[in-house]
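Please look through the model below alongside its sequence.

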Amino acid sequence: MKAVAVFPQQREVRVIDAPEPRLQSPTQVKVRTREVGVCGTDRDIVQFLYGTSPPGSEYLIVGHECLGEVVEVGGAVQGLQKGDLVVPRVRRPCPHATCPACRHGHPDFCVTGDYTERGIKEAHGFCAELFVEDVAYVHRVPAELREVAVLTEPLTIAEKALREVRRIQERLPWKPETGRAVVLGAGPVGQLGVMALLRRGYVTTVYSRSPKPNEKAAAAEAVGAPYLSSKELSVEELVRRAGAPDVLYEAAGAAKAAFETLKVLAPNGVVVLTGVPSHEEALSLEGAALLKQLVLKNQVVLGTVNAADSDFDMALDDLGRFRARWPGGLERLITARHPPEDYCDAVTGRKGGGGIKHVITFT
Ligand code: BGC
């Protein structure tokens, strides 16, 4: 079967003919891949900056944002049948008895670092015609979400983050107003974060580099989030226009912009870090002033990665809600669809000129 693989030793990325996977346990399902989204993590993987092949394999099949269709179910599988659409989760637990997170079904909080991630770390991904997965790691997708369900996995990042924010804000001895949010970065994770924040009632503004007009600004504004360019407006000006954010949602992996904007976080506010910086950025920090601010203003710095079972369920519910509230809003985030042969161009944005979310389609 056709698959897209990186060969880190040979520094190559190519379409290969991989062995077709077979069911190996009665709780597994075989899935025909329909679509695979690509993101910044994939960009790092094809540049050999990130990602690890499974033990004993010279290559890693890429792809972790996936929508597929069940083609075979094991004898013990309940609740799924041939023809159902599904999205798989990414992370699998570490083997250590001492890891409380993995032993409690939360590899997204793994403490040993020995988890695996499909398409990223020591497990083949979904950018192949077929894959096999245990039913415990796949979620059924309502047929009406077919066009947008490839966005489920990136949306789960926001679902987990905002679930954590809600819990953190329960520390306040009164019920806080939902308040204001600023999203840093207008890529897919930023755009889906915008929708998730708006859905929870935050008055949300996007603060991102490129000046308007551009398609990312248009997508954010179409759902009701004003877009301000950090090239044109200082953080002080951002606060004058949008108010001090109670939630600052970092979705660009841009260290300098994150620390700069952190200065204007509201008292009792939370800065949520979701972007993984891919390159080192020289930065000088007024460390003491920053610590003083965090302490005197009761602020929280929250790093968050990956997502849990319940976040996938919530993301699928939210895709339905977003669609009803902003018709066409999700569809416009998918700016290009490519064949597997164009994987590298899709990941680096060479084909489809910039865009927001690029998707690989298997026919
Ligand atoms: C994925 C996460 C993963 C993280 C770190 C992200 O791109 O969406 O599922 O945990 O990379 O590898």
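**A walk through the model**

Residue F259 belongs to helix α7, which covers residues 255-262. This is a predicted model. The relative accessibility of F259 is 30%, so this residue counts as partly exposed. Together with L283 and L285, F259 makes up a nonpolar patch on the surface, and the three residues share about 230 Å² of accessible area.

The strands come next. Strand β3 (residues 28-38) runs antiparallel to strand β5 (residues 65-73), and eight bridges join the two.

Strand β8 (residues 116-118) and β9 run parallel and are joined by two bridges. E117 has E122 in β9 as its bridge partner.

What of the cysteines? There are zero disulfides in the structure. C102 takes part in none, and the nearest cysteine sulfur, that of C110, lies 3.7 Å away. A disulfide is assigned to cysteine sulfur atoms within 2.5 Å. Seen from C110, the closest cysteine sulfur is that of C102, and at 3.7 Å the separation is too far for a bond. Are these two residues buried or exposed? The cut-off for buried is under 20% relative accessible area. C102 has a relative accessible area of 6% and is therefore buried. C110 has 14% relative accessibility, so C110 also counts as buried.

The last stop is helix α9, made up of residues 309-325, where D318 is found. D318 has a relative accessible area of 0% and is therefore buried. Which residues does D318 contact, leaving aside its neighbours within four places in sequence? They are L155, E159, R199 and R200.

Two of these sites can be set side by side in the viewer.

Conventions: Residues numbered from 1 in each chain as written. Predicted model: local features only at pLDDT ≥ 70, side-chain atom pairs only at ≥ 80, totals over all residues. Heavy atoms only, no water. Patch = residues over 30% accessible without salt bridge, like charges linked within 9 Å, V, L, I, M, F, W, Y side chains within 5 Å. Areas by Shrake-Rupley, 256 points an atom, 1.4 Å probe, with all protein chains shown as cover. Salt bridge = Lys/Arg side-chain N within 4 Å of Asp/Glu carboxyl O. Helix = DSSP H or I, 4+ residues; strand = E, 2+ residues; numbered from the N terminus. Buried < 20%, exposed > 50% of the residue type's maximum accessible area, 1.4 Å probe, protein only. Pairing = 2+ DSSP bridges. Contact = heavy atoms within 4.5 Å.
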